Amino acid sequence: VTRSFAFVLAALALVGCGDGKRRISLAQSVTTLTVDGSGALYPLLLEAANQFMRQTPHTVVLVTASREATAVKEVLAGDLSLAATNLPVTDPRLEARDVCEVALALVANRGPFNERVASLSRAQLRAVVEGRIDNWSALGGDDQPIIFIDRRASGERVALTEWLGLTDFALPNAEQGGAATVQSDLTTRLGALSFVALAYRHPALRVLALDGIEPSVETVRRATYPLRIRERIVFRKDAAVNTRAFVDFLRSPAVQEDLLDQLGYNTTDGGSARP
Amino acid sequence: VTLQERARSLLWLVPTIALLIAAAALWTVTGRIYRELASQLAVERVHVERVQELERAAAAAHVAVIARWVSDNTRRAQRDEQTLEAVRLLRAALDHLAELVPFDDDEQAAGERLIAAAALMSNQVQQGLCTSDAVGTTSDLEQSMATLRTHATSMTASVSRVGSSSDARLRRLRTQQVALEVAFVIVALAILTFAMQSLRHRLHVSEQMRVVQAQAAAERAQFFANMSHELRTPLAAIRGFAINISDEGARQIEAHAQDLLGVINNILDAAKLEAGAMQLHLESIDVAEVLDRCAARCKSLVGQKPLQLQTEFARPLHARGDFVKLQQVITNLMANAIKFTERGRVLVRARRRDDVVEIFVEDTGIGISAEALGRLWRPFQQAERNTDRRYGGTGLGLSIVRGLVERMKGQVTVDSEVGRGSCFTVRLPAAQGQSDQPLERAS
C-alpha cells in the first residue's frame, strides 16, 4: 500500500508539473504583417517584403493588392498591418510615411494599330475616358476599338480624374482590371489602354507620352511629366515594433537608393536615387 | 465487545480502502496520460496534413506561374485566374499552418522556416503575375519551391518523430495498464483472502464462546442443584433436632436455621431467575387466599412492635399466576414492610381494575430516598448503605420479587417518601372468566 501511494504521488507530481513550458502556436511565434492597398506600390512592396523577410527572421510580410479602396479603413480596424495609398490620410489615429513618387503612365496593348501613336494630350485622354473617342484611329492610329481597362476604387484613378479636371468618369464599355492582372490584360487584350504606375512597364506593352513627355524616372525627378503620384505607407500610431521596422526598411537606403530606381520609382525628395 | 476491539476487528478494511483509492488514482493518472497521447497523435496527423496542404498549394501556384509564362496571349488571362486562385490557396494553407501549435522546438523552428518560405513564394508568385519578369522570377520561384519543400520535409520529419514517440509511449502505457490490472487483482485477492480468514476465525471464536457459555450454564445449574441439596439436608436435620429440644437454646438454633434457610432459598431463587431456570405454574389463583396465608404467616413477625397489620380486599379475587410464588412475593413485601416499620400500620390491599389485579403493600415505615429507589431492584442492594447493618438481610428479596412478578407477566412498582412510608404495588393479569367483587375490608 505504501509503495502504491508513493507511486501515485510521484505520478501525480509528474503529470501535474508537466514540462513547465507553455507551447504557443506558429502564428504567435511568427509575426505576420499584412500589406495591401495601392496597385502603384504593389511591385515595390512585393520585392521589399521579400528582402525584409530574408534579413528579419520570424517576420513574414504578406503583400496583396486586392483591397485598394478599403485598405486604409482596414488598417484602422486592425485587420491589416499596413496600407499603401496615394490619397491623403486625415485620421489622427493613423500615421503615414512617404515611400516614393511614381509616374502614372498610359500603357497600351502593343500592335500595328497604335504604332504611330506616341503621345496623347490631356484633351484626347479626357475624350477617351468620357467615351467621345473610342477608336485608335481618332488618336492617329489604325482602325481598332479602344478597350479602356478601368481600375475603379484605385488611388491612381482618383489622381487621373483630378488631373483631367473631372469629378468622375464612367465608361460604359470599360473593363475592370486589378493591379495583379492589369499588365496581363494589357498584353492580351487587343486595343487595350489603361493607366498604371511606371513600374508595370514591359517591352511587350506600349507606353504613351502625355502632352509629348515620356514617363520616366528622369521626367518625374525633373517634375516635367505631368501625371505623378506620391505613394505613402499608412499604419496605426500604436503599431507593433515589426510594423514600424518594415516602414523603416521601406525608407532605408536599401530600398530608397537601390530598389526604387531598379523598379522605376523615384524618391520623394524630388528625384530618383540614381539620376 | 469494546469499541477498541470493534475498531481492531475492522483494521483489514484500511488496506482495502487504501488499495481502492490508489487504484482509482492510478486509473485517473494513466487515463489522463493515455488521452493526452491519443490526442497528441491525432494532432500530429493534423500537422502532417497541414504541411501537405501547404506543399500542394505551393506546387499548384508554382505550376500555374510556369504555365502562364509558356501560354500564348489568348490563354494567358485564363492562366492568370488560375494563378490567383493558386495564390489564394497558398495563403489559406499558410493561415492553417500558422494555427498549429508545435510539439517541440524542432518542429517550431521548421514550421517558422516553412511559413517564411511559403510567404516568400506567395509574394514571388504575385510578382511574376504583375511584372511578367519571367526569367528572373522563374529562377527565384524554383529556388523558393525547393526551399519550401526542404522545410516541409523537415517539419514533417519533426512531427513524425513526435508521433512515433507518442506511439511508443502509448504502447508502453498500455503494457503498464495491463500490469497494473494484474497487480491490482492479485493484491485485491490477497486482501479478500485475508478478510475471509479473519471473518472465519472470528466466527469460529464466537462459536467456541457460545459452547463454553452453554457448558458453564449447565455446570452452574448442576452446581446450584447440588448445593441446594447439600445445604438443605443438614439444615433440615438441624431443624428436626432443634424442634425436639425444648429449651431456649434450641429455639435459637431453630430460628437461626430458619433464617439461614431463607437466605439460602433466596440465593438459589435469585440464581435460578438469573439462569432462567425457575419453573412457574401459571394458573388461575385466588389472590384472597394468598393474601390470607401471607397475613397469617407474617403476624408473628410483628412481635412487640406497636404495629397494626391490616388487609383490605375483595373476595373472591382471581389472578393468573403461580400460587406458591405469589405467596413468596407478598410475604417478602410484607416482611420488608414490618421490618422497616417501627410503629403505625402495614396495610395490604387488593383490587381488580379492568383486566389487572392490583395488590398494594403499604407501610408507615422509614421510607426510601429517591436516590435509593434507582438501585432498589438490583440484587445485593438495599435502600440505604447502612440498612443491611441495622436491619440485616442479603438485599436479594426485592430482585427476586421483581423476577418472579415479571415471570408471571406482571409488574411491580414502588412509591415512597422518606419518613412517611412506602407502597409496593404488584400488578398481575386478571384470570379470565372470573367475576370478582370489587373490594372487601378485614382486619
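How many aromatic pairs are there over all chains? The count comes to six aromatic pairs, where rings of Phe, Tyr and Trp (its six-membered ring) pair if their centres lie within 6.5 Å. This is a predicted model, in which local features need pLDDT of at least 70 and side-chain atom pairs count only at pLDDT 80 or more, while totals for chains, interfaces and linings use all residues. Residues are numbered from 1 along each chain, chains are lettered from A in the order in which they are written, and side-chain values use heavy atoms, without hydrogens and water.

One of the pairs joins A:Phe52 and A:Phe249, with 5.5 Å centre to centre and 55 degrees between the planes, and is tilted (planes under 30 degrees apart are stacked, over 60 edge-to-face, the rest tilted). A:Phe52 lies in helix H3 of chain A and A:Phe249 in helix H9 (residues 241-250), so the pair ties together parts 197 residues apart in sequence. Helices here are DSSP runs (H or I) of at least four residues. Ring pairs also link A:Phe246 with these two into a cluster.

The contact (heavy atoms within 4.5 Å) takes 39 residues from chain A and 42 residues from chain B.

Technical notes. Helices (H or I, at least four residues) and strands (E, at least two) are DSSP runs, numbered from the N terminus.
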